[in-house]
Amino acid sequence: MRTLEEVQATLQIAKLQDEELQKTIHCLSFGENVSSADYCLLELDDTLCKLIEAGESLVIRGDADEHAVLCTKDRTYDLKIADTSNMLMFVPDCRTPDQLTNSQENSHIVHTQIWGFSNSYWELRKQRPKLKKLKKVLMENPYEGPALGGKEEDTENRYTMEDLLESIQASEEELKSSLEAVHACQIDGYWRMLDFDYEMKLLGHVTQLVDSESWAFNRVPLQTCLEELASLEHEQMIEHCLNCYGKRYSENDDVLYALDEDRVCRGMALMLLQNAVKFNLREFQEVWQQSVPEGMSTRLDQLKSVALVDRSSRPETINLLRVEDLSEDTLERFNQLFTLREKWTEDDITPYIKDLCGEKQSTGALLTKHARSSMQNGIKVFNSRRPVAT
């Protein structure tokens, strides 16, 4: 335990004057059995600090073979260790200069114990949620409709929201948004993705009813749908289909749906393309238009991020290419795209890289970093900056 005289002697050796310093002098000492492994430091920005102060939780998610992420209720952050050349010490009873009043005229010593120390801390960086795994686990046991003929339904590989939060590296709000985006449905307390053929069967029932009843596709009555299709499908599934492909609204106590033209046309296109390697573009457009309800118009821009048109082939072709089937890793994504096609126009590649953009990052910035541009027949095209691994 140092005395005041010893401290003053040290100050003289260091050529420091008493008046340059605070009157309160902290003498630090290590407690017993102190180790750098006792604590982990986490660097938080103002937003995250306020969440902690408000009593909200931060959750670290990731399996043993995954890089851990930290999640708030609505955001996901990458966790990365940052080393520092300075030793960071945990001193609970230490007071900073702004907490000292200097009310005492003479210098005095406060003996303070160090509880722990570290030479590194965790940095946080906002990142996209890792949702590719969500579709993978949900497709382990897709819902194909009620079991028929006394056949028991497979009860393996079914997930509650709690199960998914334990497994998927995303915040709760991001997970809920993704479940909605993949048209998942909660059945008997478990979140299930519909088998694609079954989902198209449901949509077919609805669109055929709209055509047969000559309804305007923006005025589809829920109750009549449920009654007319009750013999074919469960009410919950019909209403789920309407929620996936339409917007619900009320009018004079009646519940109506406005079918979304882009969603319906997109769904029908996916059904046509799923079993074809490549489709003659002109023939596809004719069949596609015939498959949608009367009054709806199909357009190729409805298929951005799910289908790719090849204008260079003769005849022109179209094939299925869904962004959700590509890697979440930026370098691997670009490698996959440039393996599929050596040169891309900006309009063609943008739908397949837009989801990779971070905060305040544009697709143009991504292309500048990972691709080279050149002119081909008066059109700017992009090719890979690095050799493509096949």
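Author: Before we begin, a definition: helices, of at least four residues, and strands, of at least two, are runs assigned by DSSP and numbered from the N terminus. Please also keep in mind that this is a predicted model.

Reader: Which element gives the most to the lining of the largest pocket?

Author: The general idea is that rolling a probe the size of a water molecule over the atoms shows where empty space is left. In this structure, the largest pocket holds about 1,700 Å³ of space, and its lining is made up of 50 residues, with S178, A181, V182, R266 and E324 lying nearest the centre. Among the elements that give two or more residues to this lining are helix 3 (132-138), strand 7 (185-187) and helix 9 (261-273), while helix 5 gives the most, with seven residues.

Reader: How should I read a sheet, and what is the order of strands in the open sheet of three strands?

Author: In general, strands of a sheet pair through backbone hydrogen bonds, either parallel or antiparallel. Here the order is 9-11-10, and the pairing is antiparallel. Strand 9 (220-221) and strand 10 (246-251) are the edge strands, each of them pairing on one side only. Strand 10 is joined to strand 11 (residues 254-259) over six bridges in the antiparallel sense, and K247, for instance, has A258 in strand 11 as its bridge partner.

Reader: Which parts does the salt bridge between K201 and E233 tie together?

Author: As a general idea, side chains of opposite charge can pair when their charged atoms come close. For K201 and E233, the closest N and O atoms are 3.6 Å apart. Because K201 lies in helix 6 and E233 in the loop between helix 7 (222-228) and helix 8, the pair ties together parts that are 32 residues apart in sequence.

Reader: Is E233 buried or exposed?

Author: E233 has a relative accessible area of 6%, and it is buried because that value is under the 20% cut-off.

Reader: How many salt bridges are found in the whole structure?

Author: The search finds 16. One of them joins E239 to R248, with the closest N and O atoms 2.8 Å apart; E239 is partly exposed at 24%, and R248 is partly exposed at 41%. Another brings D348 and R341 together at 3.0 Å, N to O, where D348 is partly exposed at 26%, whereas R341 is buried at 18%. Salt bridges with shared partners also link E261, D262, R299 and D301 into one network.

Conventions:
Residues are numbered from 1 along each chain as its sequence is written. This is a predicted model: local features need pLDDT of at least 70, side-chain atom pairs count only at pLDDT 80 or more; totals for chains, interfaces and linings use all residues. Side-chain values use heavy atoms; hydrogens and water are left out. Two strands pair if DSSP finds at least two bridges between them. On a 1 Å grid over the protein atoms alone, a cavity is a set of points where a 1.4 Å probe fits but cannot get out, and a pocket is an open set with protein on both sides within 12 Å along at least five of seven lines; lining residues have an atom within 4 Å of a point. Grid points are joined across faces, edges and corners, and a volume is the space filled by probe spheres set on the points. A salt bridge is a side-chain nitrogen of Lys or Arg within 4 Å of a carboxyl oxygen of Asp or Glu. Buried means under 20% relative accessible area, exposed over 50%, partly exposed in between (1.4 Å probe, protein chains only).
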